[in-house]
Amino acid sequence: MSSAFFPGDLEQPAPNTSLKPITYALDDTNQPLVGGVNLVELARTHGTPLFVLDEATIRAAAKAYTQTLATAYPGASLPLYACKANMNMGLVKLMEQCGMGLDVVSGGELYTAIQAGFPMERVLFNGNNKTAQELELAIHHEIGRISADNFQDLEFIHKIAAAKGKKVDVLLRITPGIECHTHDYIKTGHVDSKFGFDLSQLPVAIERILEEFRETITLKGLHAHIGSQIFEVKPYEDLIEVMMNIYYNIREQYNGLVLEDIDVGGGLGITYTGQDDPPAVPEAVARIAEKLATYAKRLNYPLPRLLMEPGRSMIATAGMTLYSVGSMKDVPGVRKYVAVDGGMGDNIRPALYQAQYSALVANKVGAPVEETVSIVGKYCESGDILIKGLPVPRIENGDVLVVFGTGAYNYSMASNYNRFPRPAVVLVSGGKAHVLVQRETYDTIIQQDLIPAHLRRVNETSATPA
Ligand code: LLP
């Protein structure tokens, strides 16, 4: 990290480069503490599997964004936390306190933000297939920005805004044709993507806004997101050039039209294992901000407000999952399987993206490594493998396993597969654990189920629906 950007103000580099939360420490019995809370005791008091989030780590990540932008970018800026990474009402309140905006991608995320009382002018609504109902909710609550992904979005916004007599501030999401090196499923900025306007469609979109939708839509800027778990800053610098060249051309072609916002999306990577080497958030954000400032100056373009949408780099490192160790299977000469009480229902990422994680046996930190095992879950599926080849001390039933880096896209992608209740989420800070989301129960699992009347008659096996 370049110290020039922080004259003594940011105490530590952003957490996205570290494996563990920033408050991780060991107590006198060698047991891990996070936020001053003993993880082994936490597993006992709150049960497992358990999602744990370290408040200080989240605050440090938010500060890395807000403060770097404020220092390194001479114009206005706003980092928007990408709620898809992990969301609940308590987290929304925390983001509000941290001075973040929010990027929401569904009616459910939007509703959560509304219910938590988040200032709507700091919310951006993204998504490639927003329904009229979702847009109605957004416009009714006077959301700050809607990123229109396609013509349907523009048409719906126009209709809803016209009916309400409102004018909506809109960004146009574009696919900028930038390739970055990450997993295929989490790449989004390349040309063959389901998201955003293709550059060839952009003039039509702008012209329709300026003519047909001129009473209902104000074009505020363009939006792009090039992918996720990105380890290079260069694709963002390229993105700035591509986007600012488009801004320049729009000003030339449309009567001096100046766009006020530029949204470069999210995507900065984090350290899941010792092999990962992402740029620290302050360094990456400063480079992006400087690129924009110098490039806009070169084009003699007024500095746009810089928006970013970090998800993973805001919250992944703050998160851990605690599991209890259960059964084991030793396949001689092949591998030893150690099963925990969760798995692909609380962390689909290894199965979906071959994602790798680091973990520790929390009640045996410092004990000599005795074997290498594969950590598997308890779901009825062979692909339910969380970690392959984890070196561990002698591992036993009842041990507490802590998996690091699970703050992003674990809880938010969790399912009830096999009808397992989803784990609780707790926030640790100042030696206390605060429940953010309660553990689901078997009753949660069945609460939406209905039994049709004709199936309630136990003796009539051949009954057909009336
Ligand atoms: N903005 C947009 C428009 C996005 O599509 C995304 C992520 C973000 C921001 C936040 O990206 P981040 O900073 O978290 O990388 N489920 C996958 C990640 C999918 C990301 C989808 N879009 C995973 O578990 O790795």
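Me: Asn30 first: how accessible is that residue?
Reply: Asn30 is partly exposed, at 33% relative accessibility. Buried means under 20% relative accessible area, exposed means over 50%, and partly exposed is in between, with a 1.4 Å probe and protein chains only.

Me: Where is Asn30 found?
Reply: In the loop between strand 1 (25-26) and strand 2 (32-34). Strands (E, at least two residues) and helices (H or I, at least four) are DSSP runs, numbered from the N terminus. Phi of Asn30 is near 70°, a positive value in a residue other than glycine.

Me: Before I go on, what should I know about the model and the numbering?
Reply: The model is predicted: local features need pLDDT of at least 70, side-chain atom pairs count only at pLDDT 80 or more, and totals for chains, interfaces and linings use all residues. Numbering runs from 1 along each chain as its sequence is written, and side-chain values use heavy atoms, leaving out hydrogens and water.

Me: What does a nitrogen atom of the ligand reach on Glu309?
Reply: An N or O atom in the Glu309 side chain, at 2.5 Å. For Tyr353, a ligand nitrogen is 2.7 Å from a side-chain N or O atom. For Asp103, that distance is 3.4 Å.

Me: And how much of the ligand does the protein bury?
Reply: 93% of the 570 Å² that the ligand exposes when taken alone. Those areas come from the Shrake-Rupley method with a 1.4 Å probe.

Me: Switching to helix 7. Which residues are buried there?
Reply: Leu202, Ala205, Ile206 and Ile209, in a helix that spans residues 202-210. They cover an arc of only 95° around the axis, so they sit on the same side of helix 7. The arc is taken from the directions from the helix axis to the C-beta atoms.

Me: What do they pack against?
Reply: Helix 6 (151-164), strand 9 (168-175), strand 10 (197-198), strand 11 (217-223) and helix 8 (234-253). Contact here means heavy atoms within 4.5 Å.

Me: Last one: Gly333, buried or exposed?
Reply: Exposed, with a relative accessible area of 88%. Gly333 is in the loop between strand 14 (319-331) and strand 15 (335-340).

Key: A polar contact is a pair of N or O atoms within 3.5 Å; within protein, one must be able to donate a hydrogen and the other to accept it, and residues adjacent in sequence count only if both atoms are side-chain atoms.
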